[in-house]
Structures are given as C-alpha cells and as structure tokens.
Amino acid sequence: MAHKLLLLTQDNDKFRQLLAAHHLRDLTILGDAPSSITEANIWFAEPHLAAPLLNLAGNLTWMQSTFAGVDRLTGSRQRRDYVLTNIKGIFGPLMSEYLFGYLLAHQREHAKYKQQQQHKQWIPGSYRTLQGQGLLLLGTGSIAQHIAKTAKHFGMTVTGLSRSGEPKAHFDHVDTIEHLANYLPSAHTIASTLPSTLETENLLSKTMLALLPDECVLFNLGRGNVLDLDALAAQLLNKSQQNAILDVFNQEPLPADHPIWHCPNAIITPHIAAPSFPEQVVEVFVENFHLWTTQQPLKHLVDFFKGY
C-alpha cells in the first residue's frame with residue numbers, strides 16, 4: 001500500500017533530504033501545497049504547526065510528532081481518531097548534560113571564581129560535593145531515568161515522584177506525585193520533567209514552593225504550566241540562597257516585563273535544554289514506519305487521555 005507523507009516542520013527541506021536518504025518503499029513525500037493537508041495519511045509534524053490544521057486532515061491515520069511534548073494535540077477539543085506517536089529516548093542525555101552542567105557550576109561556584117579572576121583575587125570558596133545530596137525528580141519517564149542514572153554516578157540519592165509510583169531503574173525510591181509536599185522540605189535539588197496535563201497544572205504552586213529549603217536548586221525542564229512563575233519570582237527575591245534554572249515557560253518567549261528576569265538567583269534559558277537533532281528524529285520515524293507497514297505496534301504511542 002502506498003502512503004503519502006506531509007511534513008509540517010520549520011525545516012521541511014532538511015527533513016525531506018534525510019527521509020529521502022532512507023529510500024522508504026511505498027512512501028511518497030508530498031510537497032508544501034495546501035492540498036497535501038487533505039491528501040496525506042501520515043503526518044511528520046511539530047505539534048504547534050499541526051494542531052490548527054487537524055480538522056482539514058481527511059485522510060490522516062498516523063502522526064509522528066517531532067517533539068516529546070504533544071499537549072497541543074491532546075486537548076479535550078482536539079480530534080483523537082488517529083494514531084499519535086512522539087519522540088522519546090533521545091532527550092535524556094541532553095537533559096542530563098544541561099542539568100548537571102548548571103548544577104556542578106553552582107556547587108563549584110564557577111560564577112564567583114570568574115568574578116574574582118577579573119579582579120585578580122585568590123580567595124578559595126566553600127567546596128560542596130554532590131555526593132550524598134538528594135535529587136528529587138518530578139516524573140520518572142525516559143528523561144528522568146537518564147538523569148537519575150547520571151545522578152547515581154555522582155553518588156546522589158535519587159527520589160522520583162510519578163502518577164503511578166511504580167519503581168524505576170536508577171531511583172532509590174519512587175512515590176506518587178500526590179505526596180509531593182512530603183518530599184519538598186528535604187530536597188537539595190529538585191527537577192521537573194513532567195508533561196503538560198490537567199494533573200500537572202500549577203503543581204509547584206506558591207504553597208508548594210514555600211516548602212523548599214533555603215539552599216535548594218530548582219530546575220524546570222518539562223513544561224512551563226507545572227510552575228507558578230509569579231510565586232517563584234517573589235520567593236527568589238526574598239530567599240537569596242535559593243536558585244532556579246528555568247528552560248520552559250507558559251508563554252514563550254518569556255515576556256520582557258516578567259519579574260523573574262530581575263532575580264539574580266535565577267538562570268533563564270530559551271527552551272534549549274534538549275534540542276532535537278533532525279537525524280535522531282528521522283531515525284525514530286523510520287523505525288516506526290517499518291512497524292506501521294508491517295502492522296506491528298508503534299513505539300512511543302501517546303495516550304490522548306493522559307496527554308503523553
């Protein structure tokens with residue numbers, strides 16, 4: 001059976017070139033004409049580009065998201081009469097590099113020594129090790145599992161909180177997310193890798209943030225809706241020893257007038273913690289296409305009701 005593929009990405013030419021190199025039998029990559037929206041039965045798409053066009057997709061049977069986050073496609077008002085897969089397994093190493101790059105720089109006081117260098121000062125600081133420190137991960141999926149594995153390399157104790165509370169590899173302990181308040185007061189480092197769902201909305205609220213210890217380091221790597229950013233900004237200004245490294249926000253780009261910009265103990269990055277490399281994304285699609293054409297279950301299936 002011949003399949004027709006629609007590309008909906010910000011770099012269609014790059015993806016078209018990479019896909020063509022795989023010489024996939026029975027797959028025609030359509031052009032960018034509007035008629036391709038209704039003609040294609042498979043979409044290879046960025047969720048925010050696909051969402052507004054879904055109701056025009058008369059022949060759509062499977063969509064391969066090029067992102068891990070698919071909340072733009074799983075809302076209650078969006079159609080659910082097709083198979084949706086996302087990207088997993090390639091972001092863990094990148095997220096781990098991001099988190100431990102910033103965490104180690106904080107622990108080893110890199111910014112302080114850079115300042116001292118400019119003034120030719122030789123003043124040893126207070127060395128801190130990750131060994132024996134606790135890492136609290138919100139979410140225990142593939143990304144969190146890779147971070148947990150890296151944390152164990154540094155001798156950290158890793159606790160995970162998830163919807164199910166099921167044990168996972170590399171975690172010392174896993175509990176359900178409903179017990180979040182029990183774990184925040186003792187968290188040395190906390191990182192959220194949670195998806196955007198109704199259950200995760202404002203999970204790190206003003207009340208929960210107030211439970212964090214004074215020298216805690218908070219990472220938000222998953223979705224912006226998990227965190228009350230206004231409450232965090234106010235708290236950071238009052239608790240100078242707390243630190244936050246934030247890569248995702250409810251509104252992106254982050255508005256220039258948001259007070260979090262002015263917090264000296266916050267680091268803001270423009271959603272770059274784990275960029276997807278086209279070659280890796282194409283490998284995921286190609287593997288799934290072979291499964292699709294042989295009528296086998298696809299990898300990384302999305303549950304529309306869970307939102308991930």
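How many helices and strands make up the secondary structure of the protein? Show the whole chain as a cartoon, keeping in mind that this is a predicted model, and you can trace 10 helices and 12 strands. The radius of gyration is 22 Å, close to the 19 Å that the globule rule gives for 308 residues, so the protein is as compact as a globular protein of that length. Switch to the C-alpha trace, and its principal axes span about 70 × 45 × 40 Å. If you colour by burial, 47% of the 308 residues count as buried. Among contacts with a separation of 6 or more, 58% join residues 24 or more positions apart.

Next, select residues 62-65, which form strand 4, and stop at serine 65. Serine 65 counts as buried because its relative accessible area is 0%, under the 20% cut-off. Follow its side chain to the backbone oxygen of phenylalanine 67, reached at 2.9 Å.

For the last stop, move to the second largest pocket, with a volume of about 540 Å³. Then highlight helix 4 (92-107), helix 5 (110-118) and strand 11 (243-246), each of which supplies at least two lining residues. Helix 4 gives the largest share of this lining, four residues. Colour the lining by residue class and you will find seven nonpolar, eight polar and four charged residues.

Conventions: Residues are numbered from 1 along each chain as its sequence is written. This is a predicted model: local features need pLDDT of at least 70, side-chain atom pairs count only at pLDDT 80 or more; totals for chains, interfaces and linings use all residues. Side-chain values use heavy atoms; hydrogens and water are left out. On a 1 Å grid over the protein atoms alone, a cavity is a set of points where a 1.4 Å probe fits but cannot get out, and a pocket is an open set with protein on both sides within 12 Å along at least five of seven lines; lining residues have an atom within 4 Å of a point. Grid points are joined across faces, edges and corners, and a volume is the space filled by probe spheres set on the points. Ala, Val, Leu, Ile, Met, Phe, Trp, Tyr, Cys and Pro count as nonpolar, Asp, Glu, Lys and Arg as charged, and the others, Gly among them, as polar. Buried means under 20% relative accessible area, exposed over 50%, partly exposed in between (1.4 Å probe, protein chains only). A polar contact is a pair of N or O atoms within 3.5 Å; within protein, one must be able to donate a hydrogen and the other to accept it, and residues adjacent in sequence count only if both atoms are side-chain atoms. The radius of gyration is taken over C-alpha atoms; the globule rule is 2.2 Å times the number of residues to the power 0.38. Contact means heavy atoms within 4.5 Å.
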